[in-house]
Amino acid sequence: MKFEEVKELSSKYLFQNYGRIDLAFTHGKGCYLYDAEGNEYLDLVSGIAVNALGYAHPGWVEAVQDQVAKMVHVSNLYYVEEQARLAEKIASITPGDLDRTLFVNSGAEANEGALKLAVRYTGRKKVMSALNGFHGRTAAALGATGQKKYQDTFEALISQAFEYYGFGDPESVKGMISKDVAAVIVEPIQAEGGVRTAQKEFFKTIRDECDDKGALMIVDEVQTGIGRTGQWYGIQNYGVVPDIITMAKALGGGAPIGAVTSTEEISKVMTPGSHGTTFGGNPLVTASGCAVLDIMKKDKLVENSRDLGARWMKDLKAIQSPKVKEVRGLGLIIGIEMESNEAAIAVQKHCRDNGVLVNVCHGNTVRLIPPLILNDGQKDRFTALLKECLRNHFRPSGGIPKQIRIRLHCPF
């Protein structure tokens with residue numbers, strides 16, 4: 001089907017709740033996507049941090065095909081071998097005693113499950129979350145998302161249980177947490193909030209305050225988890241062990257899966273009938289997750305994320321331009337904050353016009369969240385395009401753009 005046909009069908013039959021770019025892809029291979037005309041794009045978005053193994057990874061494809069041929073779904077009325085095996089593999093990579101997992105279908109559902117778990121375990125009624133954070137679009141997750149633009153017009157569904165602290169501000173946490181707080185939920189990096197980072201002291205303060213007040217620390221690893229930051233989980237960069245970790249995105253390699261992982265003690269409060277989901281942890285998605293973790297360990301993709309990401313950050317931070325305000329991130333989640341939304345969109349368009357896909361988030365941040373199989377040549381291709389865009393596509397202050405000066409033979 002040609003692109004215009006896809007666009008017409010979408011316009012006619014789909015909710016128009018996405019601001020889509022004029023592209024539709026037919027297939028992918030490695031770090032590349034291809035459209036119906038055969039155009040190739042280096043994908044540095046990876047389905048919003050989902051396709052950690054890239055596209056059509058042979059080991060993952062084989063595992064999924066094998067599982068489809070055997071059994072896709074059976075429900076949680078019965079024991080599911082693939083689900084148990086994936087839970088065991090998750091326990092092998094989580095910090096501390098976090099070795100009990102509940103499977104759901106998405107990151108938002110994982111955060112909903114974590115919030116229910118914390119409230120039920122503590123018997124308390126308040127939850128603290130960070131301003132500028134993002135935890136999903138379902139009702140409780142939306143309440144935890146401290147950004148009015150996502151909550152606007154949905155206030156009737158949002159609980160008054162949520163209070164908001166300043167991300168990266170230890171004193172804000174200290175000043176708000178009390179003995180009626182069930183949990184503090186936090187992202188290791190505010191991914192949708194512009195790839196915002198914080199210091200180790202901030203996360204240690206949350207841990208200490210939760211211990212002191214009897215609250216649970218929930219870390220949302222939906223985007224930062226499963227190797228993205230150069231550690232299995234982003235919170236491991238800060239030397240802190242939370243009470244609950246949520247994850248999704250990269251865990252399934254493209255299959256829709258989310259998970260809540262906690263300790264045996266905390267997990268015991270979720271008795272039969274207290275929480276559940278029809279599709280959560282079915283054989284197909286958990287077999288996918290098993291393949292992802294096995295391949296990532298075998299191919300040392302967490303280490304690749306750490307080392308390649310560090311080299312990339314060094315290269316990007318060396319770029320001198322008034323259009324670039326800051327470069328931040330860890331591993332292979334990198335944000336390049338531009339001086340304006342227009343500048344960020346210009347970089348995105350220049351890259352796309354030259355066969356490279358990047359994402360703009362939080363208005364003016366170019367976000368790089370590529371497959372973890374990325375190599376140096378591929379990262380350098382983006383860096384070169386960024387430099388080219390900064391050099392050629394922005395008007396110098398008080399002068400005429402270089403391209404026009406050349407065309408007009410201007411000496412200034």
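My entries follow in the order in which I looked things up.

**Ground rules.** I am working with a predicted model, in which local features need pLDDT of at least 70 and side-chain atom pairs count only at pLDDT 80 or more, while totals for chains, interfaces and linings use all residues. Residues are numbered from 1 along each chain as its sequence is written, and side-chain values use heavy atoms, with hydrogens and water left out.

**Whole chain.** I found 15 helices and 15 strands in the chain; these are DSSP runs numbered from the N terminus, helices being H or I of at least four residues and strands E of at least two. The radius of gyration is 22 Å, close to the 22 Å that the globule rule gives for 412 residues, so the chain is as compact as a globular protein of that length. That radius is taken over C-alpha atoms, and the rule is 2.2 Å times the number of residues to the power 0.38. Along its principal axes the C-alpha trace spans about 75 × 55 × 45 Å.

**The antiparallel sheet.** I next followed an open sheet of 4 strands with antiparallel pairing, in the order β11-β12-β15-β14, where two strands pair if DSSP finds at least two bridges between them. Because β11 (324-330) and β14 (359-361) stand at the edges with a single partner strand each, one side of each is left without a neighbour in the sheet. From one strand to the next the twist averages 25 degrees. β11 and β12 (residues 333-338) run antiparallel and are joined by 6 bridges, and I noted Gly329 opposite Ile334 in β12.

Which strands does helix α13 lie across? Helix α13 (residues 341-353) lies across β12, β14 and β15 (365-368), and runs at about 165 degrees to β14. Helix α14 (residues 376-392) also packs on the sheet, touching β11, β12 and β15, and its direction makes about 0 degrees with that of β12. Contact here means heavy atoms within 4.5 Å; axes are lines fitted to C-alpha atoms, for helices over the stretch in contact, and angles run from 0 to 180 degrees between N-to-C directions.

**The mixed sheet.** I then traced an open sheet of 4 strands with mixed pairing, ordered β1-β2-β3-β13. Its edge strands, β1 (25-29) and β13 (356-357), each pair on one side only. β1 and β2 (residues 32-35) run antiparallel and share 4 bridges, and Phe25 has Asp35 in β2 as its bridge partner.

**Second largest pocket.** I recorded a volume of about 580 Å³ for this pocket. On a 1 Å grid over the protein atoms alone, a pocket is an open set of points with protein on both sides within 12 Å along at least five of seven lines, a cavity is a set where a 1.4 Å probe fits but cannot get out, and lining residues have an atom within 4 Å of a point. Grid points are joined across faces, edges and corners, and a volume is the space filled by probe spheres set on the points. The pocket has 20 lining residues, of which Thr101, Leu102, Ser267, Met270 and His275 lie nearest its centre. The largest share of the lining, 4 residues, comes from β4.

**Cavity.** My search of the whole structure gave 1 cavity of 30 Å³ or more.
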